[in-house]
Amino acid sequence: MHQKPINQELNILEMSDLMRFMNQKTSFLPWLARLPVSLFAMCVGLFAIGLSWRLFAQFNTAFALQIAQIIGYVACALFGLLSTLYLAKFLFHRAAFWQE
């Protein structure tokens, strides 16, 4: 009877533990796998609205420049948040990332 070396049995055990850990890791944030890349279009739209308010501010309206800056800050914050979430999607749900 052919016996497996102890090394090989330990490697198989370690791989099954690794697979179990990977399954736990991917079920960590299940909604993250469904995060669409098209959400970045919101940032582009917000930047465009901010630029249009900045253009409106050239007509001597004091409040328009403040509104443009607020919209620009919101667009930057949203872009940073979405970039972080999409990086997390790449790290934890790589198959869904490449499928998209």
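A residue is called buried when its relative accessible area is under 20%, exposed when that area is over 50%, and partly exposed in between. By this criterion, 17% of the 100 residues of the protein chain count as buried. The structure is a predicted model. The mean pLDDT of the protein chain is 81, and 72% of the residues score at least 70. Among the elements, the highest mean pLDDT, 94, belongs to helix α2 (residues 40-56), whereas helix α1 (residues 6-26) has the lowest, 54.

The protein chain contains four helices and zero strands. Read from the N terminus, the order of the elements is α-α-α-α. Of the contacts in the protein chain with a separation of 6 or more, 63% are between residues 24 or more positions apart. The accessible surface of the protein chain amounts to about 7,900 Å², and carbon and sulfur atoms account for 70% of this surface.

In soluble globular proteins, nonpolar side chains tend to be buried together. In the present model, the largest nonpolar core consists of five residues, namely Leu32, Leu35, Tyr86, Ala88 and Phe97. Within this group, Phe97 is located in helix α4, which spans residues 94-99. When residues up to four places away in sequence are not counted, Phe97 touches Tyr86, Lys89 and Phe90. The C-alpha atom of Phe97 is separated by 9.2 Å from that of Pro36, although the two residues are 61 residues apart along the chain. Tyr86, also a member of the core, touches Leu35, Pro36, Val37, Phe40, Phe97 and Glu100, again not counting residues up to four places away in sequence.

Lys89, one of the residues touched by Phe97, is part of helix α3. Lys89 counts as buried because its relative accessibility is 2%, and the cut-off for a buried residue is under 20%. Apart from neighbours within four places in sequence, Lys89 is in contact with Leu32, Ala33, Leu35, Arg94, Ala96, Phe97 and Glu100. Of these contacts, the one with Glu100 involves a salt bridge between the two side chains, with an N to O distance of 2.9 Å. Side chains of opposite charge can pair when their charged atoms come close. A search of the whole structure finds one salt bridge.

Phe59 counts as exposed because its relative accessibility is 62%, and the cut-off for an exposed residue is over 50%.

A further residue of helix α3 is Cys76. Cys76 has a relative accessibility of 44% and therefore counts as partly exposed. The C-alpha atoms of Cys76 and Phe47 are separated by 8.3 Å, while the two residues are 29 residues apart along the chain.

Conventions: Residues are numbered from 1 along each chain as its sequence is written. This is a predicted model: local features need pLDDT of at least 70, side-chain atom pairs count only at pLDDT 80 or more; totals for chains, interfaces and linings use all residues. Side-chain values use heavy atoms; hydrogens and water are left out. Helices (H or I, at least four residues) and strands (E, at least two) are DSSP runs, numbered from the N terminus. Contact means heavy atoms within 4.5 Å. pLDDT is the predictor's confidence in each residue, from 0 to 100. A nonpolar core is a set of buried Ala, Val, Leu, Ile, Met, Phe, Trp, Tyr and Cys residues joined through side-chain atoms within 4.5 Å. Buried means under 20% relative accessible area, exposed over 50%, partly exposed in between (1.4 Å probe, protein chains only). A salt bridge is a side-chain nitrogen of Lys or Arg within 4 Å of a carboxyl oxygen of Asp or Glu. Accessible areas come from the Shrake-Rupley method with a 1.4 Å probe; for residues, only the protein chains shown count as cover.
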